[in-house]
Amino acid sequence: MSAGSTGVNDSASPLHIERHSDRTIIRLNRPEVRNAIDQSMVDALHAVCAELETEPKVAILTGSSGVFAAGADISQLRNRRRDDALAGINSKIFSRIQELPMPVIALVEGYALGGGAELAFAADFRIGTPSTKIGNPETGLGILAAAGAAWRLRELVGEPRAKEILLAGRTLQADEAKAIGLLNDVVDPEDLELAGQALADRIASFAPLAVRLSKSAFHAPREAHPLIDNVAQAVLFETEEKFSRMDAFLSKREAKKAKKAAEQEAAERARAEAVTTEAINQQRDSHTREEGNNA
């Protein structure tokens, strides 16, 4: 991870932000209500998204106190009406998170239900722990999962599993979620942030613009291909980073070839020397035997 971080966080803020040179860590901070997503958290997420759109970095999204997010804040949701639904309060922020220029990694410990699950679905990667429970029980409250699950889940896990979660209210345990690809990995709780940082390290080791354009191409509609791929590749083909990385790759490959050739030459020399030594020893032994017989 890059050295140094910035960001002054109020303990009462719905998010705690750590800003590093190549990544931003976003911690949901409403532990008293299991990180339920309310308007203040939505507003704070919009603010950090604006930062990440201006200065693209990998984002790590995590919960607190052993919980990712238990859902939308029911006390606010109870009072929302038709115009609030049409405004797409949660769907807009989750779409904005999905569309961030660089990848988003969700560290999903404990409950990720309702809006919390939809927030996790908007990430590019999801890492859980054995305590992870993920699902969309909205129909039990007389509403539907309207902030992305109704279409993202089908893309993520296929129609049959998506219907189990959305229509039959099935909550998945960690091993089930991993088995169907909803979680990329499941690790021990003490290793969760380490796993997220390791994945961020791997992404940060690649060319940032190549990662950004790969994500854009991945999420482009089918009819945009192959044009978007060709245009993105054309941009990358002209970057200095492409030349420097490829030159480094070729130099490393040539160095490996030279090392292998030297090792093979040394091995052949050693074999030749062994054969010569064996022949000399055999000749010496023969002479010794002849001298013994003559004696």
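Tutor: Helices (H or I, at least four residues) and strands (E, at least two) are DSSP runs, numbered from the N terminus. With those labels, the helix you want is α10, which gives the most to that lining, with six residues. Before we go in, note that this is a predicted model, where local features need pLDDT of at least 70, side-chain atom pairs count only at pLDDT 80 or more, and totals for chains, interfaces and linings use all residues. Residues are numbered from 1 along each chain as its sequence is written, and side-chain values use heavy atoms, with hydrogens and water left out.

Now for the pocket itself (on a 1 Å grid over the protein atoms alone, an open set of points with protein on both sides within 12 Å along at least five of seven lines, lined by residues with an atom within 4 Å of a point). The second largest pocket holds about 570 Å³ of space (the space filled by probe spheres set on the points, which are joined across faces, edges and corners). Its lining has 20 residues, and nearest its centre you will find Ala-123, Asp-124, Lys-215, Phe-218 and His-219. Besides α10, strand β6 (125-128) and helix α6 each supply at least two lining residues. By class, the lining divides into twelve nonpolar, three polar and five charged residues (Ala, Val, Leu, Ile, Met, Phe, Trp, Tyr, Cys and Pro are nonpolar, Asp, Glu, Lys and Arg charged, the others, Gly among them, polar).

Helix α10 (residues 208-219) packs with helix α11 (residues 227-237) at an angle of about 175°, and their axes lie 10 Å apart (axes are lines fitted to C-alpha atoms over the stretch in contact, with angles from 0 to 180 degrees between N-to-C directions). The two helices are therefore roughly antiparallel to each other (over 145 degrees; under 35 is roughly parallel, 65 to 115 roughly perpendicular and the rest oblique). On the α10 side, Leu-209, Ala-210, Leu-213, Ser-216 and Ala-217 meet Ile-228, Asp-229, Ala-232, Val-235 and Leu-236 of α11 (contact means heavy atoms within 4.5 Å). This contact of α10 with α11 comprises eight nonpolar residues, one polar and one charged.

Helix α6 (residues 149-157) and helix α7 (residues 159-166) pack at about 140°, with axes 7 Å apart. That angle makes α6 oblique to α7. Ala-149, Ala-150, Leu-153, Arg-154 and Val-157 in α6 touch Glu-159, Arg-161, Ala-162, Ile-165 and Leu-166 in α7. Here the classes are seven nonpolar, no polar and three charged.

The largest pocket is lined by 13 nonpolar, six polar and eight charged residues.

Helix α1 gives the most to the cavity lining, with four residues. The cavity lining is made up of ten nonpolar residues, no polar and no charged.

How values were computed
On a 1 Å grid over the protein atoms alone, a cavity is a set of points where a 1.4 Å probe fits but cannot get out, and a pocket is an open set with protein on both sides within 12 Å along at least five of seven lines; lining residues have an atom within 4 Å of a point.
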